[in-house]
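Here is a short report for a reader new to this structure. Take a look at the model first, then follow the headings.

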Amino acid sequence: MPADPVLSPKHIETLARAKEAIVVTGAPEGVDAAALADAARLRGGVTLFVARDETRASQFEASVRFFAPDLETLRLPAWDTLPYDRISPAAAVAAQRCAALTALARRDGKAGPLLVIATASAVAQRVPPRARLAAGAFAAKSGDEASMGELEGYLVINGYTRASTVRAPGEFAVRGGLIDVYPPGAPEPLRFDFFGDTLETIRAFDPETQISKRPLKDAVLTPVSEVLLDEQSVLRFRKRFSQAFGAVSDPLYDAVSARIRRQGVEQWLPYFYDGLETVFEYAGPDALVAFDALAEDALRERVETARDHYEARKTAPVPRGGAPFRAPAPDALYIAESDLTGALGVRAVRRFSHFDSETKHQLDLGARPGRDFAPERQT
């Protein structure tokens with residue numbers, strides 16, 4: 001019996017509206033992006049696609065932009081470090097991740113459809129409370145009274161890196177009455193020109209030539225790090241560290257107490273907040289959640305890897321003259337199986353698969369992979 005036409009209205013309606021979890025087959029890579037983009041536009045609100053890795057997320061994003069250039073998309077990467085590394089994620093990655101989370105936290109319920117493209121590793125990590133990131137924005141308007149010190153303090157607390165010349169997202173520079181800032185997710189950096197306690201102008205500028213361009217009426221800055229070093233967060237970290245490990249000498253404890261952002265501080269994220277949330281909570285209870293083929297396996301593997309790394313470092317011999325390994329337990333920083341089951345149980349879930357399933361809730365889009373002409377290319 002011939003399959004229904006690929007991406008028929010009936011397929012898209014089922015993909016977008018069905019309340020039960022569905023296994024989606026007959027959707028080779030590319031077709032899955034076209035189908036989910038149509039479903040996201042039809043359903044409205046937030047659609048979360050979880051890719052198995054960064055390469056696949058990039059391919060899916062490119063396909064969505066080809067098939068649905070009018071659909072708003074948001075990319076949520078994972079930290080580019082191994083669990084419990086003593087180094088921080090790259091500044092650009094941390095800024096992009098924080099910008100995506102802040103955009104979701106500040107999202108208006110009346111906004112149009114949004115497709116969030118994340119990776120399994122990104123979803124495996126717990127994230128700061130939505131209210132904290134939503135309130136962590138700094139709004140400025142040309143001509144208003146404003147303090148250079150207040151803006152500089154905001155940038156330091158929220159993870160911006162001081163530089164002599166601003167060229168990359170997450171950097172800022174102070175020169176006389178000017179503060180240059182490159183906000184995460186922005187197409188170009190901004191130049192704030194102060195005269196006394198007045199913000200005279202806000203201008204975009206070219207990061208290569210450093211030449212100012214068009215003026216702006218206002219600007220909104222968002223955090224570039226999930227670890228916010230304000231007074232309350234620092235006190236909360238000190239209290240929880242002391243409760244967990246006692247009054248011990250630790251370089252990271254001393255650095256945080258002095259509000260210095262030390263390498264690897266992100267691994268202590270649970271100690272800076274009263275409680276962490278999940279990416280699913282950011283997406284909202286009405287979000288459509290779609291998993292790439294093998295993405296759920298990759299998510300669970302990431303969590304298991306975190307547990308293995310934690311146990312290996314915890315039981316490793318202490319180097320001579322070194323400090324013992326100290327860090328929050330994996331369940332505090334990574335999503336637990338019970339949390340994952342609970343999150344998926346209350347949301348519409350679509351699982352893309354390369355193989356037919358025995359489940360009664362299966363949707364076959366009817367597409368099949370074409371020839372890749374590999375033998376012809378080799379000859």
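## Salt bridges and a network

A salt bridge here is a side-chain nitrogen of Lys or Arg within 4 Å of a carboxyl oxygen of Asp or Glu. Side chains of opposite charge can pair when their charged atoms come close. By that definition, Glu29, Asp32, Arg52, Arg56 and Asp292 are linked in a network of salt bridges. The search of the whole structure finds 30 salt bridges.

This is a predicted model, in which local features need pLDDT of at least 70 and side-chain atom pairs count only at pLDDT 80 or more, while totals for chains, interfaces and linings use all residues. Residues are numbered from 1 along each chain as its sequence is written, and side-chain values use heavy atoms, with hydrogens and water left out.

## The Arg56 and Asp292 pair

Arg56 lies in helix 3 and Asp292 in the loop between strand 13 and helix 11, so the pair ties together parts that are 236 residues apart in sequence. Helices (H or I, at least four residues) and strands (E, at least two) are DSSP runs, numbered from the N terminus.

Are these two residues buried or exposed? Both Arg56 and Asp292 are buried. Buried means under 20% relative accessible area, exposed means over 50%, and partly exposed lies in between (1.4 Å probe, protein chains only).

## A cavity

The count comes to 1 cavity of 30 Å³ or more. A cavity is a set of points, on a 1 Å grid over the protein atoms alone, where a 1.4 Å probe fits but cannot get out; lining residues have an atom within 4 Å of a point. Grid points are joined across faces, edges and corners, and a volume is the space filled by probe spheres set on the points.

About 40 Å³ of space lies in the largest cavity. Its lining includes Glu29, Asp32, Arg56 and Asp292. Val24, Ala27, Ala293, Phe352, Ser353 and His354 also line the largest cavity.

## Two other salt bridges

Arg17 and Glu13 meet through their side chains in a salt bridge (3.6 Å, N to O). They are 4 residues apart in helix 1 (residues 9–17), so about one helical turn separates them. Arg17 is partly exposed, with a relative accessible area of 42%. Glu13 is partly exposed at 39% relative accessibility.

Arg41 and Asp70 form another salt bridge (2.9 Å, N to O). This pair links distant parts of the chain, 29 residues apart. Arg41 sits in helix 2 (residues 31–43), and Asp70 in the loop between helix 3 (54–67) and strand 3 (72–76). Arg41 is partly exposed, at 31% relative accessibility. Asp70 is exposed, with a relative accessible area of 60%.

## Strand 2, an enclosed strand

Why is strand 2 (residues 46–51) largely enclosed by the rest of the structure? The reason is that 6 of its 6 residues are buried. Val46, Leu48 and Val50 cover one side, and Thr47, Phe49 and Ala51 the other.

Two strands pair if DSSP finds at least two bridges between them. Strand 2 pairs with strand 4 (residues 114–119) in the parallel sense over 6 bridges. There, Ala51 has Thr119 as its bridge partner. Strand 2 also pairs with strand 13 (residues 288–291), again in the parallel sense, over 4 bridges. Phe49 has Ala290 as its bridge partner in strand 13.

## Nonpolar cores

A nonpolar core is a set of buried Ala, Val, Leu, Ile, Met, Phe, Trp, Tyr and Cys residues joined through side-chain atoms within 4.5 Å. The largest has 60 residues. Phe237, Phe272, Phe280, Phe291 and Leu299 touch the most other members. Helix 11 (residues 295–315) gives the largest share of this core, 6 residues. Apart from it lies another core, of 30 residues, among them Ile22, Ala57, Leu115 and Ala367.

## Strand 5

Strand 5 (residues 138–141) has a covered face, Phe138 and Ala140, and an uncovered one, Ala139 and Lys141. Strand 5 pairs with strand 12 (residues 218–221) in the antiparallel sense over 4 bridges. Lys141 stands opposite Asp218 in strand 12.

Notes. On a 1 Å grid over the protein atoms alone, a cavity is a set of points where a 1.4 Å probe fits but cannot get out, and a pocket is an open set with protein on both sides within 12 Å along at least five of seven lines; lining residues have an atom within 4 Å of a point.
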